[in-house]
Amino acid sequence: MEKLGTRLRHLIDLLDSAVASTYSEAGLRYRPRYTPIVRALTESEPLTINQIAKLAGITQPAATQTIALMVKDDIVKINTESKDGRHKFVRFTDHGRAMLPLLTAHWEATTEATKELESELPYSLTEIVKAATSRLEEKPFAARLKEAHQKKIGR
């Protein structure tokens with residue numbers, strides 16, 4: 001019997017690979033994981049990595065890794081804007097900014113495809129994910145695991 005983690009990874013693979021293919025077919029060097037960062041930068045620019053992580057809803061290490069990939073793909077650049085060099089800001093490159101209209105069209109198409117998929121499901125996948133995330137923010141999975149282990153193992 002497949003477990004939840006396996007099914008979730010497979011679902012993400014199916015979704016991400018399809019989205020990544022549309023970017024590739026359009027000639028874009030762009031990964032789905034860039035989207036939360038691009039959206040954060042379109043709201044306000046420049047931003048620090050910590051600000052991006054908060055706005056994007058991802059961890060600081062994940063933001064740092066993703067931004068490094070985005071620098072390599074010439075989508076963003078990092079500038080030091082303070083005299084002491086401690087404050088580094090991320091902003092779009094000219095190439096990254098030029099991609100925005102095409103990315104917006106891709107995001108709109110993805111939204112349409114998501115709506116179609118959800119219309120075929122007995123429950124809204126988006127709402128299920130929101131609800132699960134909310135519950136896990138209230139009581140993290142680590143706490144749930146600890147309780148389950150204590151019941152099974154007694155520790």
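This is a predicted model: local features need pLDDT of at least 70, side-chain atom pairs count only at pLDDT 80 or more; totals for chains, interfaces and linings use all residues.
Local features need pLDDT of at least 70 and side-chain atom pairs count only at pLDDT 80 or more, while totals for chains, interfaces and linings use all residues. Residues are numbered from 1 along each chain as its sequence is written, and side-chain values use heavy atoms, leaving out hydrogens and water.

Searching the whole structure gives 2 aromatic pairs. Rings of Phe, Tyr and Trp (its six-membered ring) pair if their centres lie within 6.5 Å, and planes under 30 degrees apart count as stacked, over 60 as edge-to-face and the rest as tilted. Tyr-23 and Tyr-30 are edge-to-face because their planes meet at 75 degrees, with the ring centres 4.7 Å apart. Tyr-30 also forms an edge-to-face pair with Tyr-34, at 5.4 Å centre to centre and 90 degrees between the planes.

Tyr-23 is buried at 1%, Tyr-30 is buried at 5% and Tyr-34 is buried at 0%.

A further ring contact involves a charge: Arg-39 lies over the face of Trp-107, at 4.1 Å from the ring centre. The criterion asks for NZ of Lys or CZ of Arg within 6 Å of the ring centre and within 35 degrees of the ring normal.

Turning to accessibility, Ile-12 is partly exposed, with a relative accessibility of 46%.

Definitions and conventions. Buried means under 20% relative accessible area, exposed over 50%, partly exposed in between (1.4 Å probe, protein chains only).
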